[in-house]
Amino acid sequence: MTDAPHPSARTDASTHFPVHTVTIPADVPMVALLGPRDELLRTIEQKFPLTSIHVRGNEFHISGTSPEVALVERVIDELLAVIEGGQALNRDSVERSIAMMRAQTAERPADVLTMNIVSSRGRTIRPKTLGQKRYVEAIDEHTITFGIGPAGTGKTYLAMAKAVAALQAKLVNRIILTRPAVEAGERLGFLPGTLNDKIDPYLRPLYDALHDMVDPDSIPRLMAAGTIEVAPLAFMRGRSINDSFVILDEAQNTTPEQMKMFLTRLGFGSKMVVTGDVTQVDLPGGTTSGLRIVRDILTDLEDIHFAELTAQDVVRHRLVGEIVDAYGRWDADQDGHRSAARPSRRRRPDSRGDDA
């Protein structure tokens, strides 16, 4: 560990604000903290528009109101901790660190961004947001975890990483990945090819995530041995699954009966993660989603956790989170318009009473 940055203060005559100097330890490359062409420094400046930040050598000179200056100093300290944890900084991690610091969360940004789940082929998979970290911790602490949230929040990807880590640590003997084969009104019988050809499009996202975490050359061998199984949800019926890490993806497309069937497959030594987005239901009209009602049914049971991920946990492109928020606002507006357009159910006045 390097020494903590050393702050000092003087007065900026042009602004009358004290100038705080933060000295970065000599063994920390400034390019790691500032980014190529000072990209990360500009990101910090954009997030603190009322604060003046200048860098000379290995020193940050910061002036502004005391609360903002103190927050900038804390952000720099957190970014140094991330670097010391072996992770490179980028614009996304800097923005998320600042957001967490402003939200005054109990967890430090460095604790979130340096949490390792699984490493494969020189790549380490980590949570990138506070919501993701709490989701991963819930998977560790509970037998059944529901990860509910919009697209891009890492629900399935992080669950898959935890499954691979559990298999590597010999906590389970196999991984079972499943999802309902119901999307956009298609039925398997109408698709061309063999059974494998028919179900492959539905399971492809699970294969894609798996290839990121397991040597692709070993996947056919592991699947042939039954160590990894990828199958439609219908294949789970009638089974009792022991010593396994089981992931149900796209659970919003299960019926209540299918959800009950899946959850009751739980055997000894197994762990289950159920992921889905209740705003993206593809079931035929009038069919209730099993994911939408399961919380009301299981809310009082111990060892079951519901993790809610939001647009703040989207880790694809920053615009994805903004798109999710924009659609949420639009849906709320439409609901308001529909409510306002409904005819009043109040009883019409009796005209005979007018002359009474």
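Glu95 counts as buried at 17% relative accessibility, where buried means under 20% relative accessible area, exposed over 50% and partly exposed in between (1.4 Å probe, protein chains only). Its side chain meets that of Arg91 in a salt bridge (3.0 Å, N to O), defined as a side-chain nitrogen of Lys or Arg within 4 Å of a carboxyl oxygen of Asp or Glu. Arg91 is partly exposed, at 34%.

The model is predicted, with local features requiring pLDDT of at least 70 and side-chain atom pairs pLDDT 80 or more, while totals for chains, interfaces and linings use all residues. Residues are numbered from 1 along each chain as its sequence is written, and side-chain values use heavy atoms, leaving out hydrogens and water.

Now to the rest of helix H4. Besides Glu95, its buried residues include Ser93, Val94 and Ile98. The buried residues of H4 pack against helices H2 (39-47), H3 (66-84), H5 (109-113) and H6 (130-141), contact meaning heavy atoms within 4.5 Å. Just after H4, Gln104 adopts a positive phi of about 55°.

Arg134 pairs with Glu107 (3.1 Å, N to O); Arg134 lies in H6 and Glu107 in the loop between H4 and H5, so the pair ties together parts 27 residues apart in sequence. Lys162 likewise meets Asp140 (2.7 Å, N to O), and this pair links helix H7 (residues 155-168) to H6. Lys162 is buried at 12%, whereas Asp140 is partly exposed at 46%.

Notes: Helix = DSSP H or I, 4+ residues; strand = E, 2+ residues; numbered from the N terminus.
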